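Open the model in your viewer and keep the selection panel at hand. The tour goes stop by stop.

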Amino acid sequence: MDNQHSPSHHQFWTLLSKKLAKEANPEELQELQFILLKNPDLHHQADMLAEMWQQEAKTNRLEDEAVYMRHIMKHKDEFFVEENNEDIHDVETATDENHGFFHSFFRSKRLTIFSFALFIMLVTGAIYLFTQKGNVDLVAEQAISSIVTKNGSRTKIVLPDGSQVWLNAGSNLDYNNSTFNKELREVSLNGEAYFDVTKNPEKPFIIHTKKMDIKVLGTVFNVRSYRDEKIAEASLIKGSIEVTLKDRKDQKIILKPNEKISISNEEPKTEKKPEKITSVKAAPARIPQFEVNDLKPNPTYNIIGEIAWTQNKLFFEDETLEDIGLMIERWFGKKVTIANESLKNVHYTGNFENETLEEVLLSLKLSKSFNFRIGNDNVVIY
Amino acid sequence: MKRLEDISLLGERIANDDQLAYRQLFIHFYNNLFRFVMGFTRSKELTEEIVSDVFINVWRRRKSIEEIKNLKLYLYVSAKNITFNYLKKLHRENLADLDAVEIEPEDPFSDPGAAMITREMNSKLRTAINSLPPRCKLIFKLIKEDGLTYKETAQLLNISESTVDNQLSIALKKIGGAIRFIFRHN
């Protein structure tokens, strides 16, 4: 090693640089090999530097999304357009197939709503009644804001207190305009949403779902509570949240960052008519089962499954085709039927971002085969 | 950061008003552009504003996006120009200098455990990278982290390709030297 400054050493660093930067031609690569053969002591450094070179930067997708939101909001005139309320109901997800529509929307500059290809229906000012006797005071008329996403579309909203909510497909989030942010910040959720709650210890933020209430002071987390799914979950990214199960109000469960709570979403008896989420009656005798687990990124894809959807990823890890069917139904907005019972319990793992429905199914089929047929508004797997 | 193979495809989609493609472009380049600009401005707020300007310009000009041959290089050049304009407006031209730039490189190993790297080695590497001269560190960042080619780096910084070549080998030699030290003492 005493000849660190010799010409061949100087040449070594130049060649190694070129190799790592993918700028080296075949002769240069060969020359580098030759120098390494003559100087085995350089191997270690070359290997370590190559290893370091391959490291990918740590990314914080959540922060990136937040910055993107700020960017869009700052230039909202270029991305949003005004729209009359009557037409909003027919707005659907803009996909490649309806570019024309998307296009004309921009040209007309009449869009109200956020539109990174995801649309929402905003029904503000609708009058609802809270009709249950239980825990919520009966107020005659209240202005409820209800944000609804259809299957196949997702959206992001900013609540009056500045908290941000990403609402996944097939979900709705309600809050009372006149009381929200007065003493409490209360919302009701059916479906799945990712919350980034503005910190305000004086006004706790409470999310009511069918099976649990979640109280937060300021934090980032994901709640999944679809009425048609067996399990409801809350996953905490940062901060802390306090979960109260509807069926055992005396017990509070505190989640720490990177933990999730899963609880059974099933009723002792089958429900006949759909109830408003806030109207679920307190404490039947049955005790729901729940468990708290750590959130772990999937080692292959390096994403946390619970929040993959906020990054526009359709991700599932070792889930049954039956559950995946429900996810696909919401993601693509087509009714999924599994006609062959034996397929329902087959497990799959997958990660999709821009793939079409057909590509997703073809890809799943590769690991364990099935047949499928895609119709205009439905999919049959058999 | 992974190379975005189909960046020109993204450009085409953006030209067709595709906001999903725009979002992808934004998320892909934001961080690296941010750290590039931050090296000159040293202000987070100003940097966020500048990078936001870079992207909104792309959106405003999306109809003529295909005239841009190298969209990636365009983003960097545009970031540099906007930055230098801001600095001029703020009478801080002294910061628009490659020999004064303060780049904060990423951790050499984001997950040392997984790569079987000792904490000590990771910190030696970080120290070595941090003590590179400003211009050298900037070139190292642009090539390693941002994946620019020698040619793109040279165009962006208005220097010759052989300077880029030279500076990068100086950087690797210094960083390699730090590892050799540890290796011999183990």
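The stops below cover confidence, a helix pair and a hairpin.

This is a predicted model: local features need pLDDT of at least 70, side-chain atom pairs count only at pLDDT 80 or more, and totals for chains, interfaces and linings use all residues. Residues are numbered from 1 along each chain as its sequence is written, while chains are lettered from A and ligands numbered from 1 in the order in which they are written.

**Confidence, chain A.** Select strand β1(A), residues 121-128: confidence is lowest here, at a mean of 24. Strand β19(A), residues 378-381, is highest at 91. Strands (E, at least two residues) and helices (H or I, at least four) are DSSP runs, numbered from the N terminus. Now select residues 81-141 of chain A, where pLDDT is below 50.

**Helix pair, chain B.** Select α3(B), residues 44-60, and α4(B), residues 71-89. They pack at an angle of about 130 degrees, axes 9 Å apart. Show side chains in the contact (C-beta atoms, placed from the backbone, within 7 Å). In α3(B), pick residues including B:L46, B:I50 and B:V54; across in α4(B), B:L75, B:A79 and B:I82 are among their partners.

Select β11(A), residues 241-245, and β12(A), residues 248-255. Five bridges join these antiparallel strands (pairing needs at least two DSSP bridges). Two residues lie between them in the hairpin. Finish at A:L245, opposite A:R248.

Technical notes:
pLDDT = per-residue confidence, 0-100. Contact = placed C-beta atoms within 7 Å. Axes fitted to C-alpha atoms, helices over the stretch in contact; angles between N-to-C directions.
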